[in-house]
Amino acid sequence: MAKRACALHILVKTEAECLALKQQLDKGADFGKLAKKHSICPSGKRGGDLGEFSKGDMVGPFDKAVFSGPELKVQGPVKTRFGYHLIKVLYRN
């Protein structure tokens, strides 16, 4: 069976913006609120919620971060062809 995960993310255009948002998160800012305000991905309207997806569904660097990085800890910046992501894995199975 394919590995599955559920994750939130914030997508922005620049690494600098990504790092600034990560600093806010490290100080306790709400991930969902920042996603709604800053993310350029349509998922931003849902607080960055991507729902559940399978390994291989997402672009390479994003997929790798989700399936090999820590759960419940904000990862990033992760660069893809879409921009820079902050990723929070809610669970994996």
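The structure holds 1 aromatic pair (ring centres of Phe, Tyr or Trp, with its six-membered ring, within 6.5 Å). The rings of Phe53 and Phe67 sit with centres 6.2 Å apart and planes at 90°, so the pair is edge-to-face (over 60 degrees; under 30 is stacked and the rest tilted). It links distant parts of the chain, 14 residues apart: Phe53 belongs to strand β2 (residues 49-54) and Phe67 to helix α3 (residues 60-68). Both Phe53 and Phe67 are buried (under 20% relative accessible area, 1.4 Å probe, protein chains only).

Keep in mind that this is a predicted model, where local features need pLDDT of at least 70, side-chain atom pairs count only at pLDDT 80 or more, and totals for chains, interfaces and linings use all residues. Residues are numbered from 1 along each chain as its sequence is written, and side-chain values use heavy atoms, leaving out hydrogens and water.

Stay on strand β2 for Ser54, buried with a relative accessible area of 15%. Leaving aside residues up to four places away in sequence, Ser54 touches Ala2, Lys3, Arg4, Asp63 and Phe67 (heavy atoms within 4.5 Å). Ser54 and Arg4 are 50 residues apart in sequence, yet 4.3 Å apart in space, C-alpha to C-alpha.

Now for the helices. Helix α1 (residues 15-26) packs against helix α2 (residues 31-38) at about 155°, axes 10 Å apart. That makes α1 roughly antiparallel to α2 (over 145 degrees). On the α1 side, Glu17, Leu21, Gln24 and Leu25 meet Phe31, Leu34 and His38 of α2.

How values were computed:
Axes are lines fitted to C-alpha atoms, for helices over the stretch in contact, and angles run from 0 to 180 degrees between N-to-C directions. Helices (H or I, at least four residues) and strands (E, at least two) are DSSP runs, numbered from the N terminus. Angles under 35 degrees count as roughly parallel, over 145 as roughly antiparallel, 65 to 115 as roughly perpendicular and the rest as oblique. Buried means under 20% relative accessible area, exposed over 50%, partly exposed in between (1.4 Å probe, protein chains only).
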